[in-house]
Number of protein chains: 2
Amino acid sequence: MNKQVHTDCLSMLVPVQDALCVINGKWKLLILISISSGNSRFREIERSIPRITSKVLSKELKDLEENLLINRTVRDGYPVTIDYTTTDYFMTLENVVQALKDWGINHRKMLTAKS
Amino acid sequence: MNKQVHTDCLSMLVPVQDALCVINGKWKLLILISISSGNSRFREIERSIPRITSKVLSKELKDLEENLLINRTVRDGYPVTIDYTTTDYFMTLENVVQALKDWGINHRKMLTAKS
């Protein structure tokens, strides 16, 4: 294998792997999109994402909070309410989400044209 | 929940979910990057991606072939050789890969600055 090619490959692989580490899995980006679209309560987010379970959503929200992509705010009152909002840092993912959306639309068109 | 917001959310969610269905998991994009960087043989690809196992690579290559993102070519000879190359269709994923790469670089900088 050409050494230059190998170096090029790694310079691409490492940052993509870093990014995938944070947004990996089938749910994280969908949860972020749901929250950034205005769903702030647990049940709202759950209802907006087909087939997600409460247990999975709960775990994913924790991961996203740890990675500074969402804020979890507890509001006093009766009952206590918990709001989720996306952070400024999430905004840096905008290009990733847009590129995935564009490709997803294109991919569905391709599959429809084939069938 | 506002109905308009819900519709906006779904118009974003569905294509992103479609895209994630195809490139989901921690390996698929990394394998595509490796092949598109010039690694065409199974062992080359395996060596270029830290921590991937033969079994996983084998399964992922099959999935990628089914999704028209790579070609698998069997070359007669002794021994028979098998080459993997990315397809033209993979090129449509360029923006996704680039956006992930840019974000990964940025994310690592952010983590380094914090520590």
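1. Basis of the values. In this predicted model, local features need pLDDT of at least 70 and side-chain atom pairs count only at pLDDT 80 or more, whereas totals for chains, interfaces and linings use all residues. Residues are numbered from 1 along each chain as its sequence is written, chains are lettered from A and ligands numbered from 1 in the order in which they are written, and side-chain values use heavy atoms, with hydrogens and water left out.

2. Extent of the interface. Chain A places 52 residues in contact with 52 residues of chain B, contact meaning heavy atoms within 4.5 Å. The two chains bury about 4700 Å² between them, 72% of it on carbon and sulfur atoms; buried area is here the accessible area (1.4 Å probe) that two parts lose on being put together, summed over both.

3. Polar pairs and make-up of the interface. Between chain A and chain B, 6 residue pairs are in polar contact, both residues being at pLDDT 80 or more. A polar contact is a pair of N or O atoms within 3.5 Å; within protein, one must be able to donate a hydrogen and the other to accept it, and residues adjacent in sequence count only if both atoms are side-chain atoms. On the side of chain A that touches chain B, at least two residues each come from helix 1 (3-23), helix 2 (28-36), helix 3 (42-48) and helix 6 (94-114) of chain A, and helix 1 gives the most, with 16 residues. Helices are DSSP runs (H or I, at least four residues), numbered from the N terminus.

4. Salt bridges across the interface. The rule finds 2 salt bridges between chain A and chain B, each requiring a side-chain nitrogen of Lys or Arg within 4 Å of a carboxyl oxygen of Asp or Glu. Arg108(A) meets Asp18(B) at 2.6 Å, N to O, and Asp18(A) pairs with Arg108(B), the closest N and O atoms being 2.7 Å apart. The latter pair runs from helix 1 of chain A to helix 6 of chain B. Asp18(A) counts as buried because its relative accessibility is 16%, while Arg108(B), at 46%, counts as partly exposed; buried means under 20% relative accessible area, exposed over 50%, and partly exposed in between (1.4 Å probe, protein chains only).

5. Salt bridges within chains. Over all chains the structure holds 12 salt bridges. Glu46(A) and Arg43(A) meet at 2.6 Å, N to O, and because they are 3 residues apart in helix 3 of chain A, they are separated by about one helical turn. In chain B, Arg43(B) and Glu46(B) also form a salt bridge, with the closest N and O atoms 2.6 Å apart. Lys28(A), Lys59(A), Glu60(A) and Asp63(A) are linked in a network of salt bridges.

6. Phe90(A), in helix 5 (residues 88-91) of chain A, is buried at 7% relative accessibility, and, not counting residues up to four places away in sequence, it touches Leu32(A), Ser36(A) and Leu69(A). His107(B), which lies in helix 6 (residues 94-114) of chain B, is buried at 4%, and under the corresponding exclusion of residues up to four places away in sequence, His107(B) touches Val22(A) and Tyr89(A).

7. Cysteines. The structure holds 0 disulfides over all chains, a disulfide being a pair of cysteine sulfur atoms within 2.5 Å. Cys21(A) is exposed at 64% relative accessibility, and Cys21(B) is exposed at 64%.
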